[in-house]
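Please look through the sequence and the structure shown here before reading on.

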Amino acid sequence: MKRALYYLKHVGLALKSLAMAIYETGFTLLPIIVYVLILLSIGKEWDSIKHLPEWSFITIALWGIMLRDSLTSFRQKKSDNILLTTGLIMSITGLVLTTALLTISTLSQNKINLPLLKVYYNYQFIMFICALIQCWFLKTVGFYQALPKPEKILPKPSTAKKTEKKPERKTRASRRQSPSVEEDELEDY
C-alpha cells in the first residue's frame, strides 16, 4: 500500500509538471491563438492563415524559451546531462532553421519575386509542431526535476530485541600482556 502511495505521489508530480509546462507554453501561444481566432471570425480561410509568417515568429519564441531553460538548467546543475545537451542543440538548430523560414516568408509576403512551393508552408507548420512538442517535453521534465520528490519508503525496523554485547572486562592476564614501559627506558628520556 505504501509503495502504491509512493508511486502515486510521483505520478502526481509528473502531472503537476505537465500542467505547469502547458501553462507556460499556453501563455506564449496566447497571442497567435487570439490572432487566428480574429482572422477566422472576419472570414479568412484556414489556407490563408496557414501562409502567415507569424507561425515562424511564435516558433522562434518557443525555441528561445527552450534555449533559455536549457542554459538555466546547465548553470544550476553544472553537470553533463544528455537531456539538457540535446535540448540545447535542438533549440539552436530550431532557431536557425526557423529564422531562415521567417526570412523567406517575409520576403515572399513583401511581393519580392520569390515564389514559394506549397511544401514550404508545411515545413513552417512542422517546425511549429516540433517546437511545441519539444517545449512541452523539456518543460515537463525540467519542472519534474525541480519539484521536491517524495521520500523513499524505508523498511520498518524489526521489533525483536537485539542482544547487546557487553564490553569485555580486562582480566589480569590481558593486563600482563599489554606492553609496559620499563623504568630504565623512562630514564633515557
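## A buried threonine

Thr59 counts as buried, at 1% relative accessibility, where buried stands for under 20% relative accessible area, exposed for over 50%, and partly exposed for values in between, with a 1.4 Å probe and protein chains only. Its place is in helix α3, which covers residues 54-77; helices here are DSSP runs of H or I with at least four residues, strands are runs of E with at least two, and both are numbered from the N terminus. If neighbours within four places in sequence are left aside, Thr59 is in contact with Thr98, Met127, Phe128 and Ala131, a contact being heavy atoms within 4.5 Å.

## The model and its overall make-up

This is a predicted model, in which local features need pLDDT of at least 70 and side-chain atom pairs count only at pLDDT 80 or more, while totals for chains, interfaces and linings use all residues. Residues are numbered from 1 along each chain as its sequence is written, and side-chain values use heavy atoms, with hydrogens and water left out.

The chain has seven helices and zero strands, and along the sequence its pattern reads α-α-α-α-α-α-α. Of the 189 residues in the chain, 28% are buried. Among the contacts in the chain with a separation of 6 or more, 76% are between residues 24 or more positions apart. The accessible surface of the chain comes to about 14,700 Å², and 64% of that belongs to carbon and sulfur atoms; these areas come from the Shrake-Rupley method with a 1.4 Å probe, and for residues only the protein chains shown count as cover.

## Helix α4

Helix α4 takes in residues 82-109, and its 28 residues should span 40 Å at 1.5 Å a residue, which agrees with the 40 Å between its end C-alpha atoms; the expected span is 1.5 Å times one less than the number of residues. Among the residues of α4 that are buried are Leu84, Leu88, Ser91, Leu95, Thr98 and Leu102. An α-helix has 3.6 residues a turn, so residues three or four places apart point the same way.

Thr86 also lies in helix α4, but Thr86 is partly exposed, with a relative accessible area of 35%. The C-alpha atoms of Thr86 and Ser70 are 9.1 Å apart in space, although 16 residues separate the two in sequence.

## What the record annotates

An unreviewed UniProt entry carries the annotation "transmembrane region" for residues 21-43, 83-105 and 125-147; the positions are given in the numbering used here, feature names are shortened, and such annotations may be inferred rather than shown by experiment. In the model, residues 21-43 are 91% helix and 0% strand, with end C-alpha atoms 33 Å apart. Residues 83-105 are 100% helix and 0% strand, and the end C-alpha atoms of that span lie 32 Å apart.

How many salt bridges does the structure hold? The structure holds one, in which the side chains of Glu24 and Arg68 meet at 4.0 Å, N to O. Glu24 lies in helix α1 and Arg68 in helix α3, so the pair ties together parts that are 44 residues apart in sequence. A salt bridge is taken as a side-chain nitrogen of Lys or Arg within 4 Å of a carboxyl oxygen of Asp or Glu. Both residues are partly exposed, Glu24 at 28% relative accessibility and Arg68 with a relative accessible area of 45%.

Thr25, in helix α1, counts as buried at 1% relative accessibility. Apart from neighbours within four places in sequence, Thr25 is in contact with Leu62, Cys135, Trp136 and Lys139.

## A nonpolar patch on the surface

Val11, Leu15, Leu18, Ile22 and Trp136 form a nonpolar patch on the surface, with about 430 Å² of accessible area together. Patches are made of residues with over 30% relative accessible area and no salt bridge, like charges being joined within 9 Å and nonpolar side chains (Val, Leu, Ile, Met, Phe, Trp, Tyr) within 5 Å. Helix α1, residues 2-41, gives the most to this patch, with four residues. Val11 is found in helix α1 and is partly exposed, with a relative accessible area of 44%.
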